Amino acid sequence: MNCNDCLGLFSELHEGRLPAGDAAAARAHLGACPSCSAGYRDFSRALAALEAEPLERVPDGFEEGVLALLAPGRGRSVSPMIRPALRTNDRRPTAKDLAWAGAVAAAAVLAAFLLGRFLPYEVDGRPSTADREAKSVREEVGRLAGRLRQVQAEGEAREAQVRTRDEEWSRRAREIEESLSRKQAQYEVLEKERRTLSETLERLEADRDALAILVKELRSKAEAQPPPEMAAPREPPETPEPKRAAPPVLPERPAAVAFDRRRGEEGELSIDLRGPDSRVVPGLIALALSEDDELGNLALSLLRERVGGILPADPAGGDAGGAPPPRAFFQNVGTWLGEAWGIGPEKEKEERPVPAEERKQEVERIDAFWRSRQAGADAPAEKL
Amino acid sequence: MALMATEPVPLDLALVQAARGGDSAAAGELIRRHAPGVLTLLTRLLRGDREAALDLAQETFLRAYRNLERFDDSRSFRAWINAIAMNLGLDQLRKRRRRGERVGLSFEDSGEERWGPGSLAREPQDHREEPPQEFFERQEERDLVRRAIDLLPAQHRAVLVLRDLEGLSYEDVARVLACRLGTAKSKINRARLEFRDVYLRLEASFKERRQ
């Protein structure tokens with residue numbers, strides 16, 4: 001097999017239509033001839049591209065256009081497949097029908113006679129050249145009318161597609177806008193929360209700074225004072241044996257104040273206080289006036305802490321109307337830190353028992369001071 | 001390749017018989033089934049003149065229905081309708097040649113204009129229905145194939161459409177071309193070889209242009 005023979009078999013080889021012997025010979029030649037082999041490779045590739053080519057798309061309305069041209073009255077002969085559909089109903093004619101038919105036939109004969117005198121027909125009855133041209137024009141007009149309908153149908157189909165696409169885009173745009181507004185609302189809520197958290201953070205940082213200053217002051221104060229071991233030895237309090245009988249009945253006080261009296265493992269008495277100062281302080285005053293010395297002294301010491309926490313930072317300064325007093329929170333923290341480090345006068349006070357009479361007088365002073373504080377913020381601070 | 005079966009298809013035969021009996025729905029179905037192939041053949045014969053191809057496709061179906069009684073039921077309707085279309089297309093080409101009109105853009109061109117990048121004219125397409133990148137890639141591939149077909153002689157154009165795009169059998173191609181089976185095979189092979197050469201040259205030219 002030479003190259004020309006092989007070239008002539010490319011198509012059938014590609015389609016697998018060659019007999020086995022011819023196919024083997026062709027493949028043997030391809031294996032031996034690089035030129036034919038490359039040519040066959042290109043042939044297959046080009047054919048693959050060709051076979052992937054789609055058929056032309058027929059415009060919408062094409063079928064209707066063709067069928068419309070086949071309909072009667074278009075200047076063309078009617079297709080045999082359409083003609084039977086145009087038959088009228090088989091109905092026996094009545095006398096009235098026959099009379100009408102006769103009248104129409106007579107009119108047609110008269111019209112034909114009159115028209116025959118004026119139309120350009122030749123003597124032998126065959127249509128003239130002008131008539132043939134007119135027929136041709138009518139056919140052309142009919143064809144153009146069909147084409148026009150076809151184009152109109154295409155245009156309508158295209159408009160429908162565009163409308164559908166526009167509606168789809170509008171729907172998507174609405175969805176995106178709604179999603180955007182939802183996200184905007186979420187963003188505003190989150191932004192509000194962020195602002196709130198930021199303000200809270202600023203307040204907390206201010207508190208932290210104030211606490212740091214307070215701690216620094218307390219440290220410097222602790223360093224300035226002698227260590228607790230070097231302080232003067234305290235007299236051991238001669239406290240009587242605590243009465244472990246039934247605790248005194250608490251005076252009736254407003255609700256929402258909890259005085260939870262209990263004894264710890266080592267037998268020491270403690271009172272848990274819960275509630276605002278306006279409720280707690282009157283309750284403590286009542287407890288401090290109790291006949292039970294242990295309970296009274298404990299209540300008095302708690303009363304000093306409470307009322308002391310409300311007093312100005314430097315009551316001995318005498319300028320109660322000057323700078324506002326530090327918050328009770330900081331004083332309580334300071335008191336706690338002082339107790340933790342074993343400094344400050346409160347610890348000594350707590351450990352010193354107060355006689356009943358002295359305790360009563362002090363409680364009355366605290367009571368008077370408390371009432372004056374409660375009476376109004378403008379009342380002058382009283383030195384305890 | 002759209003349809004491979006080209007021997008008398010039972011459905012086609014049933015539709016033809018129904019259409020002869022006056023069933024316009026069957027006639028419409030015949031049009032729907034064969035219009036793409038007929039339109040493709042005429043479009044390629046007229047080298048992309050789609051308007052003229054549509055007119056001739058319409059005329060093809062009109063003639064077919066007028067002569068439906070003469071159709072031989074033992075033959076392929078697809079081959080028959082394609083033969084009508086091909087005759088109309090070749091007549092149109094002859095008329096244009098007589099009038100001195102140029103058919104298409106490239107066949108009568110010569111030199112660089114024929115083979116160069118300028119010959120890759122694109123037909124207007126609706127590209128809004130697919131992503132731009134894919135559209136252009138596919139469009140370029142289609143352009144190459146169409147341009148390569150359009151650069152071939154009319155007989156070869158027709159042969160490629162009938163065999164490789166419409167999927168007619170060798171026998172049906174021979175019927176459409178009104179020649180013997182061996183001649184049809186030879187024409188098919190020659191048309192494909194020529195298409196290969198033109199396609200490869202266009203492809204090389206296209207790649208050069210892109211670089």
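This is a predicted model: local features need pLDDT of at least 70, side-chain atom pairs count only at pLDDT 80 or more; totals for chains, interfaces and linings use all residues.
Chain B to begin with. Its secondary structure comes to nine helices and zero strands. Read along the sequence, the pattern is α-α-α-α-α-α-α-α-α. The chain has 211 residues, and 53% of them count as buried. Now the contacts inside chain B. Take those between residues at least 6 apart in sequence: 68% of them join residues at least 24 apart.

Next, the interface. How much area do chain A and chain B bury between them? About 4500 Å², with 58% of it on carbon and sulfur atoms. The contact takes 44 residues from chain A and 55 residues from chain B.

On to the specific pairings. Between chain A and chain B we count eleven salt bridges. One of them joins R163(B) to E15(A), with the closest N and O atoms 3.1 Å apart.

Which elements of chain A give two or more residues to the side that touches chain B? They are α1 (3-8), α2 (10-15), α4 (34-51), α5 (62-70) and α7 (129-224) of chain A. α4(A) gives the most, with ten residues. By residue class, this side of chain A divides into 22 nonpolar, seven polar and 15 charged.

To recap: chain B has nine helices and zero strands, and eleven salt bridges run between chain A and chain B.

Note on methods:
Residues are numbered from 1 along each chain as its sequence is written. Chains are lettered from A and ligands numbered from 1 in the order in which they are written. Side-chain values use heavy atoms; hydrogens and water are left out. Contact means heavy atoms within 4.5 Å. Buried area is the accessible area (1.4 Å probe) that two parts lose on being put together, summed over both. A salt bridge is a side-chain nitrogen of Lys or Arg within 4 Å of a carboxyl oxygen of Asp or Glu. Helices (H or I, at least four residues) and strands (E, at least two) are DSSP runs, numbered from the N terminus. Ala, Val, Leu, Ile, Met, Phe, Trp, Tyr, Cys and Pro count as nonpolar, Asp, Glu, Lys and Arg as charged, and the others, Gly among them, as polar. Buried means under 20% relative accessible area, exposed over 50%, partly exposed in between (1.4 Å probe, protein chains only).
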